[in-house]
Amino acid sequence: MLTLVIKRAALGLMTLWAASVLIFAGTQILPGDLAQAVLQNNATKENVAALRHDLGLDRPVVERYADWLGNAVQGDFGTSLINKRDVSIDLAPRIYNTLFLALYAAAIAVPLSVGLGILTAAWQGSVFDALANAVTLLAISLPEYFLGYLLIKWVAVYWGLFPVLASVTPETPFSGRLYMTFLPMLTLVLVIVAHMMRMTRASVIAVMSSPYIEMALLKGLPKWRVVVEHALPNALAPIINVVALNLAYLIVGVVVIEVVFVYPGLGQSMVDAVAKRDVPVVQACGLIFATVFITLNMVADILALVSNPRLRHPR
């Protein structure tokens, strides 16, 4: 087991290194000259040359990448080209806001989707099953930004229950954060619950067709007990994977939701930095997103190994 965990961790680190190469290369091959884009009207020949020297653009690409990655590993993402402030310090409250929103949505979505998946599997073919599948299929078919605008129109504007914009500050109390971010949270929940619920339902139904499940039912055990005690533990591996993937989406895919609700998170910072061509901020946001996504996938692989002993042995 320890060997498998070490292998998964090594593969995760290699994947993260490959992602860092792509992030750095992607910001370097953008059209136009970065120094001229930053200076704009002040882009004289001398000023451009001086700024290129200050930014290290006159150095070899490999050397610049090595310096950037070495500093990033230590938590130093450089200085913003726009406000000349430390990127790590500026992004710290943004990371907290994004994590708060993601954990807020996960705390609602994960138990709700797993519970609905178990109920629809236990009552397969019932009216509840058909209704739940229809609603979740509708939710998963709509883009998240469209759902967000619908909630803004009806819940915020028409009914006036929640604010249109999720404008939180470091001084906002916990209860105020829950209230201000309710609509972004609800949008994320509607998007990911459908996928997790349908995957949970499919996994439990697949296990329910096994001979030992049929024997348990023939012996007269209640169906809910068969599902919870016998079917669910053997269906955990795919459920864990889909939950981890959706948790990764909550962190990485929250960019669109933050823009719709003008939420001061990491995704909003990345969009603003791209518009202003603030390369250090773009690189930092991209590397943070990649780290979270790869880490959660690695954790999902390890949890799948723990929950399913058959995956620990080569076939």
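On a 1 Å grid over the protein atoms alone, a pocket is an open set of points with protein on both sides within 12 Å along at least five of seven lines, where lining residues have an atom within 4 Å of a point. The model is predicted, with local features needing pLDDT of at least 70 and side-chain atom pairs pLDDT 80 or more, while totals for chains, interfaces and linings use all residues. Residues are numbered from 1 along each chain as its sequence is written, and side-chain values use heavy atoms, leaving out hydrogens and water.

The second largest pocket has 13 lining residues, and Asn83, Ser269, Asp272, Asp278 and Val281 lie nearest its centre. Two or more lining residues come from each of helix 5 (87-122) and helix 14 (266-276), helices being DSSP runs of H or I with at least four residues.

A salt bridge places a side-chain nitrogen of Lys or Arg within 4 Å of a carboxyl oxygen of Asp or Glu, and by this rule there are 2 salt bridges.

| Salt bridge | N to O distance |
|---|---|
| Arg85 and Asp90 | 3.0 Å |
| Asp129 and Arg201 | 2.9 Å |

Because Asp129 belongs to helix 6 (residues 127-141) and Arg201 to helix 9 (residues 182-208), their pair ties together parts 72 residues apart in sequence. With buried meaning under 20% relative accessible area, exposed over 50% and partly exposed in between (1.4 Å probe, protein chains only), Asp129 is buried at 4%, whereas Arg85 is partly exposed at 47%.

Trp159, in the loop between helix 7 and helix 8 (174-180), counts as exposed at 53% relative accessibility.

Definitions and conventions: 1 Å grid on protein atoms, 1.4 Å probe; cavity = no way out; pocket = protein on both sides within 12 Å on 5 of 7 lines; lining within 4 Å.
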